[in-house]
Amino acid sequence: MMRYRIKLVLILLGMVVLLQASSYIATRTVIRDAVIDDVYRELDRGGSLFSQLMTTRARQLAQSVNVLTDDFGFKQAVASRERATIRSALTNHAARVDADLALVIDLDGKLAASSGELSAERYEMFAELKASLAGGGTRYAPLVIDGTLYQVVFSPINAPVRIGTAGIGFEIDQALSDHLKSLTDLDVSFLLQDEASAHYLSGTLDQAARTKLQELPELTQAQTRNVWRTDDVLYNRVLIADQPQTVIAVLQVPLARALKPFAVLDTQLLTLAISFLVVAGVIALILARNVTEPVKRLAGIARTIAQGNYDSPIAAQGKDEFAELTRAFTSMQSAISERERKIVFQAEHDSLTGLANRSQVFPLLQQAVADADQRGGVALVAVVDIYKFTQINDTLGAETGDQVLQELASRLRLFTGADGRVLRLGSDEFLLLITDTSVDEGIKKIWELRNGSSQPLRIDASDIRAELNVGYAVYPLDGTRSELLLRRANLALNHARQSYVGVSGYHSGWDEDHLRRLQLLSDFRPALECGEIALYFQPKITPAASFPVGGEALVRWHHPQLGFVNPEEFINVIESAGQISLLTRWVIEQTIILLARLHSESQHLVISINLSALDLLEDDLCEYVTALLQKYRVGSACLCFEVTESAIMREADKSLGNLERLHQLGALLSIDDYGTGYSSLSQLKKLPVDELKIDKSFVLDLDNNADDKQIVKSTIELSHSLGLKVTAEGVETALSRDWLLANGCDTLQGYYYSKALPGAEFEQWLKRFLLQQDGEVEDEQIHDS
């Protein structure tokens with residue numbers, strides 16, 4: 001961590017650097033801009049000087065051509081059109097004045113003669129000059145001939161009238177360019193320009209600079225100013241001629257050369273700024289040292305507090321702000337010590353019972369295992385919950401439920417003693433760790449705890465029974481890792497709950513069952529989507545009905561790894577995970593699709609569908625069924641929903657409301673598995689049901705068991721007295737069938753007629769059954785006649 005003194009020094013230096021840098025940059029920018037503006041003015045002056053030099057040179061050339069046109073012999077040769085004489089005169093005169101070109105143009109703008117050979121392609125250029133030369137007088141016209149730039153001065157030949165035009169030209173060569181550069185101190189380039197490009201003719205630039213200059217877009221673009229700048233060069237464009245060719249001169253100066261005088265001043269400014277920073281740094285260091293010494297002492301005190309030492313004395317010296325801060329640290333020490341103790345306790349303990357909470361499970365488990373290893377014994381890990389604690393909360397209120405938990409926590413502390421630990425895992429679950437014991441003694445203690453829980457708790461002058469379920473695992477017999485022991489104790493608790501035994505230890509193989517349940521849960525949705533889960537139908541026979549056959553929809557799962565999975569197993573898994581409604585809605589839709597197909601063949605049967613307790617809590621269940629019936633054009637009376645009475649009682653008001661809505665829709669309702677729970681006909685008469693279904697456990701041994709016959713007979717008679725129809729499942733023999741029909745049972749279901757069949761096979765069975773029924777009816781009619 002950066003020291004405060006260094007931070008303070010850096011802050012002060014940063015401020016100085018910021019101010020100094022701003023001043024340096026601003027000054028440097030102003031001076032640099034002034035230098036560049038001065039270079040622009042120098043370029044303007046250089047352009048003017050260049051124009052004056054070119055004009056002066058043109059005047060000198062004019063004198064030379066006037067000497068030629070005033071020569072009488074030359075005039076006579078032109079008048080007589082003696083080409084050889086004219087050419088000789090031109091050659092001699094060009095040699096005398098050191099000209100590079102001499103020529104005569106006739107009145108038609110055609111080349112009459114020249115000192116050198118000019119190609120016919122140049123004639124058009126002279127023709128373009130005809131108009132400008134016709135007015136008489138001396139004319140200046142730079143021309144590019146065969147890629148070479150000439151300064152050409154034209155003068156009329158009068159004898160006494162105008163008989164032609166003479167021109168004298170001097171090449172603008174490297175020597176001239178160097179001369180112009182020496183006068184202006186600027187690089188000079190001459191270029192022939194057209195609409196799309198510029199061609200370098202001569203100048204003082206090297207090859208690389210020439211190429212770069214020709215690529216500049218400013219040469220061919222319309223510019224408001226003739227002076228412009230690139231990253232490293234400033235330019236001035238000077239027009240030399242625009243007829244018959246556009247010829248320009250470009251003056252340029254490198255920016256680095258222009259800024260060279262500025263570099264000395266820039267170095268001086270930078271040296272001054274650095275010197276100021278050094279002085280400011282020394283002052284900042286001295287100031288920071290005086291300020292940070294008290295802070296350094298306080299930082300040492302703070303580190304002592306951070307290490308958990310709240311008892312070290314702090315001496316406050318002086319009466320300044322730092323002394324006041326030191327005294328505040330003294331007060332803070334005691335306050336932090338108290339708050340830290342409370343925070344740690346609250347983080348590690350349950351606020352209601354004062355027991356260690358879930359965050360301490362694994363540390364205490366590891367400690368219990370270590371203690372068992374040290375003593376060479378075992379550790380018993382037990383998970384405890386209160387049987388039907390939800391009912392205590394719902395019936396007596398949450399405040400009473402909290403008092404029950406507090407009283408139970410006190411009992412568990414006494415039970416475990418000094419060598420054991422008790423933790424609250426959450427809600428009504430507790431964890432007990434017992435180490436000073438053997439396996440047999442530990443199990444004996446667990447049973448003593450379970451049996452002792454039958455003694456009521458005294459809560460607000462009332463006795464409340466809070467019986468316990470206990471699941472336990474033993475270290476090292478049932479596992480050596482803390483996570484494994486806790487999971488196996490929970491599996492044992494689940495078994496104790498579901499089997500109503502009260503106490504259960506872990507048994508080998510339960511982990512595999514747990515993993516199997518997890519696999520079934522993770523594979524359920526993909527299996528439903530890819531068709532591994534199929535819908536089967538088991539026939540239901542109602543002999544007295546106009547259409548004597550119906551069915552019950554049942555699901556079957558053939559898992560690719562696990563094989564056939566018992567429906568009760570996987571339905572229990574997905575119901576516990578809250579995914580049962582997904583399966584139920586799939587079953588409803590597939591059943592309605594089958595009904596729509598069969599009804600199109602004039603087969604009006606009723607199919608039963610099982611609903612779970614969670615299905616009855618779905619607010620939109622009735623709307624979902626209605627939408628499917630309308631979509632596939634199936635009547636609601638073709639559906640029968642089977643529910644158990646225990647499912648209805650889970651949340652009675654909401655479940656009964658949904659059943660009423662389904663009944664009003666026109667669907668039939670049936671109570672399934674009657675006789676296996678706590679069902680009573682006095683309760684059934686309050687439910688909106690049409691049918692009661694006797695559980696197969698009373699029907700399978702009906703041929704041999706008189707008690708089962710009496711129970712079934714009584715159930716049929718009482719159900720009919722309440723206006724309910726009766727279905728018996730588990731019919732497997734003709735004797736059972738005949739006895740049930742003889743005693744008034746309305747509908748039969750079981751292997752005697754058929755096992756559950758896939759949809760297509762069920763349809764085939766249905767057709768065969770109906771044909772068989774039709775045949776029996778015809779036989780009876782023949783016999784009666």
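## Exercises on a predicted fold

Gln252 is in contact (heavy atoms within 4.5 Å) with Leu43, Leu186, Asp187, Ser189, Leu205, Leu213, Val233, Leu234, Tyr235 and Arg257, once its neighbours within four places in sequence are left aside. The model is predicted, so local features need pLDDT of at least 70 and side-chain atom pairs count only at pLDDT 80 or more, while totals for chains, interfaces and linings use all residues. Residues are numbered from 1 along each chain as its sequence is written, and side-chain values use heavy atoms, with hydrogens and water left out.

**Exercise 1. Work out how helix 12 and helix 13 pack.**

Step 1. Locate them. Helix 12 covers residues 398-416 and helix 13 covers residues 439-452.

Step 2. Read the geometry. The two axes come within 12 Å and cross at roughly 150°. Each axis is a line fitted to C-alpha atoms over the stretch in contact, and angles run from 0 to 180 degrees between N-to-C directions.

Step 3. Name the arrangement. Angles under 35 degrees count as roughly parallel, over 145 as roughly antiparallel, 65 to 115 as roughly perpendicular and the rest as oblique. Helix 12 and helix 13 are therefore roughly antiparallel.

Step 4. The crossing of helix 12 and helix 13 is right-handed. A crossing is right-handed if the near helix is turned clockwise from the far one by less than a right angle, and left-handed if anticlockwise.

Step 5. List the residues. Helix 12 brings Arg411, Leu412 and Phe415, and helix 13 brings Lys445, Ile446, Leu449 and Gly452.

Step 6. Sort them. The contact of helix 12 with helix 13 holds 4 nonpolar, 1 polar and 2 charged residues. Ala, Val, Leu, Ile, Met, Phe, Trp, Tyr, Cys and Pro count as nonpolar, Asp, Glu, Lys and Arg as charged, and the others, Gly among them, as polar.

**Exercise 2. Repeat the analysis for helix 15 and helix 17.**

Step 1. The axes of helix 15 (residues 510-530) and helix 17 (residues 580-599) come within 11 Å and cross at roughly 15°.

Step 2. Helix 15 and helix 17 are therefore roughly parallel. Their crossing is left-handed.

Step 3. Phe524, Arg525 and Leu528 of helix 15 meet Leu582, Leu583 and Trp586 of helix 17. By class, this contact of helix 15 with helix 17 has 5 nonpolar, no polar and 1 charged.

**Exercise 3. Find the surroundings of Leu757.**

Step 1. Leu757 sits in strand 27, residues 757-758. At 9% relative accessible area, Leu757 is buried.

Step 2. Leaving aside neighbours within four places in sequence, Leu757 contacts Leu535, Tyr536, Phe537, Phe762 and Trp765.

Step 3. Leu757 and Tyr536 are 221 residues apart along the chain, yet their C-alpha atoms are separated by 5.0 Å.

**Exercise 4. Examine the backbone at Pro476, Ser427 and Arg633.**

Step 1. Most residues other than glycine have a negative phi, and most peptide bonds are trans.

Step 2. The peptide bond from Tyr475 to Pro476 is cis, with omega near 0°. Pro476 lies in the loop between strand 16 (468-475) and helix 14 (482-499).

Step 3. Ser427 has a positive phi, near 50°. Ser427 is in the loop between strand 12 (421-426) and strand 13 (429-434), and at 48% relative accessibility Ser427 is partly exposed.

Step 4. Arg633 also has a positive phi, about 55°. The loop between helix 18 (621-632) and strand 22 (639-643) holds Arg633. With a relative accessible area of 79%, Arg633 is exposed.

Definitions and conventions:
Helices (H or I, at least four residues) and strands (E, at least two) are DSSP runs, numbered from the N terminus. Buried means under 20% relative accessible area, exposed over 50%, partly exposed in between (1.4 Å probe, protein chains only).
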